[in-house]
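Here's a quick briefing to read with the structure open.

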Amino acid sequence: MAEQAGVSVSTVSKVLHDRSDVSAETRAKVQRLLEQHGYLAKHRPAATAAPPGGLIDFVINELDSPWAVELIRGAEDVLHDANMGLVVSATHGRTRRARQWLDSLATRSTRGAILVVPELTPEQHEELGRLGIPYALVAPIDEPAPGTPWVGATNWPGGLAATRHLIELGHRRIAIISGPERRLTSRARVDGYRSALAEAGLPFDPALVRYGDFTHNLAHQHALELLALPERPTAVFAGSDHQALGTYRAAAELGLRIPADVSVVGFDDLPFADWVTPRLTTVRTPLADMTALAARMVLRLLSGEQPETTRVEVATELVVRESSAPPPGHG
C-alpha cells in the first residue's frame, strides 16, 4: 500500500494509528487504499492509559546462542507477569533486516521494544519516536545519548577481577581476547585488564591483545596465534565464554592442558561454563536481570512515567572453577 500511495511504510503506519503528523491530502490517499484493501484504522492506546496486554518487540542481533536465550528469558519473565506478549526478531547484523523490522511495526500492535542490538542509528531512533514506541537498549555499542534508557553490565570491574585473579595465581604473561574494538563492552573489559596489570606493576604488551567478535571461531584463531608465540602466555582472559571455548579448542590442538599449561578465564557464565571440562572460571554477567530491567523500563514508559534512572549497570562477579591455576613451575 505504501508503494501504491507513493509514501513510506511509516506514513501508512501513522494513518493506521491515527497520528496527527500526516497531511490531509496524504491521509485521504492512504485511507482510500486502506478501505480498498479491507483494513480498518486502528488507534494505538495512549501511553498514559497503559492497559494490560499487547506486544513488546525484542530485537537481537543473533539468536543461535545460550547468551541470546538468557537475555530473552529475563524479558519474557517480566512481560509474562504483566500479561504482555514478546515478539522476537533477529537482525543478524544486517541493516536491511533492521529496516524490515521497523517496517513491520506498521502491521502489528507493538507497544514497546527492547533492543539488544549493537547500535541504534539516528534514523531508527527518529522512526521509533514517530511511531510512538518507547524502547530500552541493552548492552549498546557505545554510551547512548542522554535520556535514552539503557542497561549494561559492570564490564570494567569484571575485566579487573578476572585479571587480578590470574595475577594472584602467579601469572605474569596474560593474554586477552576481547570482542569488537568499537564496542563499549569490549573496551571496558580490556581497560579493566590493563588496570589490573598496572596495579601489579606488570607491563602492558599489545602483542598479547586480540579483538574478535565474541564468538568461538575467531577466538580459536586468535588463541592459536597467541599460544604459538615463542614466549607464550601462561593464561588467556577471554572476553566471552564462547571465546573461552575457542581457546580450549586451540589449546587441545597444540597439545596444551588446561589449566596445567595454560589457564583460561571467560566472561558471562553461560550454563555450559559449568558443564565443560575443566569447568570454566568466568565472570558472571546476570544477562536475564539486564533484560528484565529493560522490560521494566519500557513498562514504566508505557504507564506515562519515566524510569527511576535511564542508565543501569548490573554488577558482574568472578566465579572461580577449575580452568585457572598457578602457572607451570610457580611456587
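P278 turns up in the loop between β9 and β10 (281-284), and a cis peptide bond, omega about -5 degrees, ties it to T277. Keep in mind that this is a predicted model.

- As a rule, most peptide bonds are trans, and most residues other than glycine have a negative phi.
- There's also a cis bond from I258 to P259, with omega near 5 degrees; P259 sits in the loop between α10 (241-253) and β9 (263-268).
- N83 isn't a glycine, yet its phi is positive, near 60 degrees. You'll find N83 in the loop between α4 and β2 (85-90), and N83 is exposed, at 54% relative accessible area.
- F214 has a positive phi too, about 70 degrees, in the loop between β7 (209-211) and α9 (216-227). With a relative accessible area of 17%, under the 20% cut-off, F214 counts as buried.

**Helix packing**
- Helix α4 (residues 66-81) packs on α11 at about 40 degrees, axes 7 Å apart, so the two are oblique to each other.
- The contact involves residues including W67, L71 and V78 of α4 and A288, A292 and L299 of α11.
- The crossing of α4 past α11 is right-handed.

**Nonpolar cores**
- The largest core counts 66 residues, and I114, V138, Y193, F237 and M290 have the most contacts inside it.
- Helix α11 (residues 287-302) supplies the largest share of that core, nine residues.
- Domain 2 (55-153 + 287-314) and domain 3 (155-285) each put in at least three residues.
- A separate core of eleven residues includes V59, V117, L128 and W150.
- Beyond its neighbours within four places in sequence, Y193 touches residues including I174, F204, L208 and F237.

Key: Residues are numbered from 1 along each chain as its sequence is written. This is a predicted model: local features need pLDDT of at least 70, side-chain atom pairs count only at pLDDT 80 or more; totals for chains, interfaces and linings use all residues. Side-chain values use heavy atoms; hydrogens and water are left out. A nonpolar core is a set of buried Ala, Val, Leu, Ile, Met, Phe, Trp, Tyr and Cys residues joined through side-chain atoms within 4.5 Å. Buried means under 20% relative accessible area, exposed over 50%, partly exposed in between (1.4 Å probe, protein chains only). Helices (H or I, at least four residues) and strands (E, at least two) are DSSP runs, numbered from the N terminus. Domain bounds come from an automatic or database domain assignment. Contact means heavy atoms within 4.5 Å. Axes are lines fitted to C-alpha atoms, for helices over the stretch in contact, and angles run from 0 to 180 degrees between N-to-C directions. Angles under 35 degrees count as roughly parallel, over 145 as roughly antiparallel, 65 to 115 as roughly perpendicular and the rest as oblique. A crossing is left-handed if the near helix is turned anticlockwise from the far one by less than a right angle, and right-handed if clockwise.
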